[in-house]
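Please read them with the structure open beside you.

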Amino acid sequence: MTDLTAGQDDLTRIREDYTALTQRKRVYGGILLILFVSLMAAGFHTADDRNAGGFVDGWRRILDYPAEVLTEALEKSAQLPAHLVHFLPALVETLNIAAAATLLGTLGGTVLALLSTRGLAYWPRLIPLFRRIADICRAVPEIVIALVLIFVLGGGPVPAMIAIAIHTAGALGKLFSEVAENVSLKPVEGLESTGANWAQRMYLGVIPQVGPNFVSYALLRFEINIRASAILGFVGAGGIGYELRNAMSWGQGRYDEAAAIFILLFVTIVAVDQLSDRLRARLTHGARAGATT
Amino acid sequence: MSTATTDLDLIHLKHRADRLFTRKRLLGFGLPALVLAYLAYIFFAFDMPGLAARANWDNGRTLVADSYSYKTHVTRDNRSGAVSVAVEGERKGTWPDGQAPDWVDLGETTVIDLENGHIVRFGPKTVEYDIPGYGTLRATPSRSRGVVTELPPGEVPDWINQSKNRITVTTEAGRLTVTRNRSEVFRYFTGWELFWFTLDSPYHGLSPAELARRAANGEAWAIWHGFWNNTMWRHGDVAWAIGETILMAFLGTFGAAIIALPLAFLAARNFNPLAPVRFAVRRVFDFVRGVDALIWTVVLARAFGPGPLTGALAILVTDSGTFGKIFSEALENVDAKQIEGVQSTGANAAQRYRFGVIPQITPVLLSQVLYFLESNTRSATIIGAITGGGIGLLLTQAIITQKDWEEVAYYILLIVLMVMLMDWLSGWLRARLIRGGSDKPRKTRDASRRDAFLLP
């Protein structure tokens with residue numbers, strides 16, 4: 001009898017506790033939601049205020065420009081293939097910037113990652129230093145380095161390549177280091193026992209283990225870097241972005257060229273996206289199959 | 001008989017092993033060779049050999065020197081005889097009439113102490129420069145005969161550059177230029193000039209302790225005002241610009257998430273049985289993602305004009321495609337058992353979504369959105385440079401002037417700090433919102449793999 005009432009007491013207490021908890025959670029959630037919504041609204045209002053054209057006004061004009069470009073491109077549709085061919089070299093340059101930067105960035109990122117991973121680092125005491133270096137490389141937007149280098153080296157693909165490579169090295173350095181942390185140390189120890197030096201241990205013992213993962217991350221980065229290299233072209237570093245800016249600043253009369261560039265860029269990005277998606281799926285699945293057999 | 005077969009097997013095995021080794025060796029040497037060949041092609045395609053000729057190393061030197069040091073100009077107008085002192089020769093950094101820093105002694109003959117025995121005297125007629133270890137150099141500008149110079153005996157050293165109408169002396173202490181119209185001395189200092197207060201502020205040149213004392217005496221607001229409205233560095237405007245950049249990233253990222261979430265339900269196989277609708281929504285995601293942020297920025301800038309709203313919308317549009325793709329994939333991976341469990345308690349459709357689906361996808365969604373918030377801060381800097389908003393605009397403007405490199409260095413520092421701060425903030429929020437709620441980490445191996453896909 002006493003036991004039973006005690007149990008009921010417990011039950012009511014638990015229920016009250018639970019109701020109080022859910023209510024508190026609901027209140028917190030509500031406050032957070034209100035805060036978030038008001039932040040969004042206030043932020044939107046501020047942005048709208050500081051913009052040259054208003055949101056409501058712009059909304060009506062949003063299709064004007066694409067329509068202008070399209071009508072002109074359609075009028076001169078006979079010239080479109082010629083334009084596509086004409087801008088192909090610029091597109092190749094943009095792709096080359098992205099590819100070279102990805103390659104250099106991957107190499108740099110690999111070195112940074114190996115130097116900042118516990119158990120693999122050449123100077124274990126300097127691990128925090130290399131981590132900070134990677135952090136800083138990652139934090140600098142490409143445009144900053146590109147603009148400064150354009151001033152020194154002159155316009156062209158090299159500043160963009162260096163800028164993207166630095167950022168890529170930082171971004172991949174962090175990801176690679178996370179992968180390298182899970183590496184099996186047995187091959188490394190085996191190599192060490194044969195007298196292999198650090199570079200040999202890394203190249204023969206670690207890289208084969210992490211290779212597929214590294215390549216898959218690098219491919220992902222390549223997609224991102226194509227976009228980045230197009231944007232950097234727009235601010236003065238060669239490639240298709242530069243051509244786009246020229247066509248744009250000319251305005252009406254050369255919209256057919258702008259349309260050709262839009263098409264090239266769109267098709268390239270989608271194609272590379274698809275290709276790298278497939279490749280990455282094969283890389284990760286291949287690695288998994290290899291591990292199980 | 002049996003030995004023959006084993007022999008055959010052995011030979012066969014050896015062949016296979018050999019082939020494997022050859023293939024591995026080919027791959028081992030071929031891949032690096034391919035990379036090297038490509039880099040060699042790039043080397044010539046990008047005209048690296050010609051780069052040295054095109055590069056302007058003087059620009060580089062100015063840039064580096066200017067980013068951590070500044071010069072003060074002491075200028076004498078040789079027609080009126082008036083002497084003015086100005087930081088970087090800018091109007092905003094000019095000392096008031098009759099005032100000068102303590103190393104300049106104004107008077108009939110203005111004496112400028114460049115330290116270590118280097119002394120320049122602007123006399124009424126003649127400019128004199130005492131150079132230790134060389135002697136005294138005299139230059140007399142005159143209207144009819146250009147600049148008449150008197151050098152100490154001996155060969156003219158290469159740091160003195162003279163012509164009929166001009167003499168330039170560059171030493172480690174500074175630089176003297178005399179032309180017919182004016183005489184000018186540059187003295188170099190380390191640091192960022194007038195960073196805290198400009199010359200017209202009453203607080204310029206006070207020590208931190210003195211400032212603290214005055215702040216305690218009720219001048220804190222005036223001191224802050226002087227700093228915030230510094231006309232050289234415009235701290236207030238810079239803070240606004242940083243705020244604008246973060247605002248673009250915030251509005252773009254969360255706006256995109258809000259738009260993408262309902263669309264993602266339409267694109268997920270287990271929530272939308274209508275295959276054509278699914279297909280259409282997915283193609284919309286692909287299209288929006290494929291039309292790069294650059295093109296969206298250009299198109300939107302035409303409609304909305306330059307400013308932060310355009311940047312925010314460009315991020316919003318591009319990312320809603322990416323988010324849609326990620327979210328729909330997350331939704332397709334939702335565990336149906338949990339929804340059935342909720343359904344078994346008699347929950348209706350709305351409750352099933354609320355308690356069966358949302359808790360499962362929230363961690364993935366939030367962590368994705370927060371990842372993007374950080375990376376979009378970087379994108380907002382870049383987009384700001386194109387559309388004209390935020391810190392990106394200030395940076396490009398400062399670079400275009402090609403002389404305010406100390407400001408460029410300051411902006412770069414601020415951008416790096418801003419991105420690192422957002423990185424830290426997004427990591428902290430992720431930890432709080434996703435792992436803080438439950439005892440055990442929800443992030444499985446699979447989830448972390450998915451995160452990697454998104455790294456922007």
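The points below go through the domains, the chain contact, the helices and the strands in turn.

1. The model is a predicted one, and the remarks that follow should be read with that in mind. Chain A is divided into domain 1, covering 2-61, and domain 2, covering 66-292, and the C-alpha centres of these two domains of chain A lie 40 Å apart. Chain B is likewise divided into domain 1 (71-190) and domain 2 (235-454), with 58 Å between the C-alpha centres of domain 1 of chain B and domain 2 of chain B.

2. The contact between the chains takes 53 residues from chain A and 57 residues from chain B. On the side of chain B that touches chain A, helix H7 of chain B (residues 293-304) gives the most, with eight residues. The residues on that side of chain B divide into 39 nonpolar, 11 polar and seven charged.

3. Helix H9 of chain A (residues 198-234) deserves a look along its axis, since its end C-alpha atoms span only 43 Å, whereas a straight helix of 37 residues would span 54 Å at 1.5 Å a residue. A kink of about 60° lies in H9(A) at Ile207(A), shortly before the proline Pro208(A). Just after H9(A), Gly236(A) takes a positive phi of about 125°.

4. Leu232(A) has its place in helix H9 of chain A. Is Leu232(A) buried or exposed? Leu232(A) counts as buried because it has 33 C-beta neighbours inside 10 Å, where 20 or more is the cut-off. Leaving aside neighbours within four places in sequence, Leu232(A) is in contact with Glu142(A), Ile143(A), Ala146(A), Ala160(A), Ala163(A), Ala237(A) and Gly241(A). Leu232(A) and Leu244(A), which are 12 residues apart in sequence, are 11 Å apart in space, C-alpha to C-alpha.

5. Val284(B) lies in helix H6 of chain B (residues 275-290). Val284(B) counts as partly exposed because it has 16 C-beta neighbours inside 10 Å, and a residue needs 20 or more to be buried and 12 or fewer to be exposed. Although Val284(B) and Gly324(B) are 40 residues apart in sequence, they are 9.4 Å apart in space, C-alpha to C-alpha.

6. Chain B holds an open sheet of six strands in the order E3-E4-E5-E6-E7-E8, with antiparallel pairing. Strand E3 (104-105) and strand E8 (146-150) of chain B are the edge strands, each pairing on one side only. Within this sheet, strand E5 (residues 119-122) of chain B runs antiparallel to strand E6 (residues 127-131) of chain B, and four bridges join them; Ile119(B) has Asp130(B) as its bridge partner in E6(B).

7. Further along chain B, strand E9 (residues 160-163) pairs with E10(B) in the antiparallel sense over four bridges, and a hairpin through two residues joins E9(B) to E10(B). Strand E10 (residues 166-170) of chain B is in turn joined by five bridges to strand E11 (residues 174-179) of chain B, the two running antiparallel, and E10(B) and E11(B) form a hairpin with three residues between them. Five bridges also join E11(B) to the antiparallel strand E12 (residues 182-190) of chain B, through a hairpin of two residues, and here Thr177(B) stands opposite Glu184(B) in E12(B).

Note on methods
Residues are numbered from 1 along each chain as its sequence is written. Chains are lettered from A and ligands numbered from 1 in the order in which they are written. This is a predicted model: local features need pLDDT of at least 70, side-chain atom pairs count only at pLDDT 80 or more; totals for chains, interfaces and linings use all residues. Two strands pair if DSSP finds at least two bridges between them. Two residues are in contact if their C-beta atoms, placed from the backbone, lie within 7 Å. Ala, Val, Leu, Ile, Met, Phe, Trp, Tyr, Cys and Pro count as nonpolar, Asp, Glu, Lys and Arg as charged, and the others, Gly among them, as polar. Domain bounds come from an automatic or database domain assignment. The expected span of a helix is 1.5 Å times one less than its number of residues. The bend at a residue is the angle between axes fitted to the seven residues ending there and the seven starting there.
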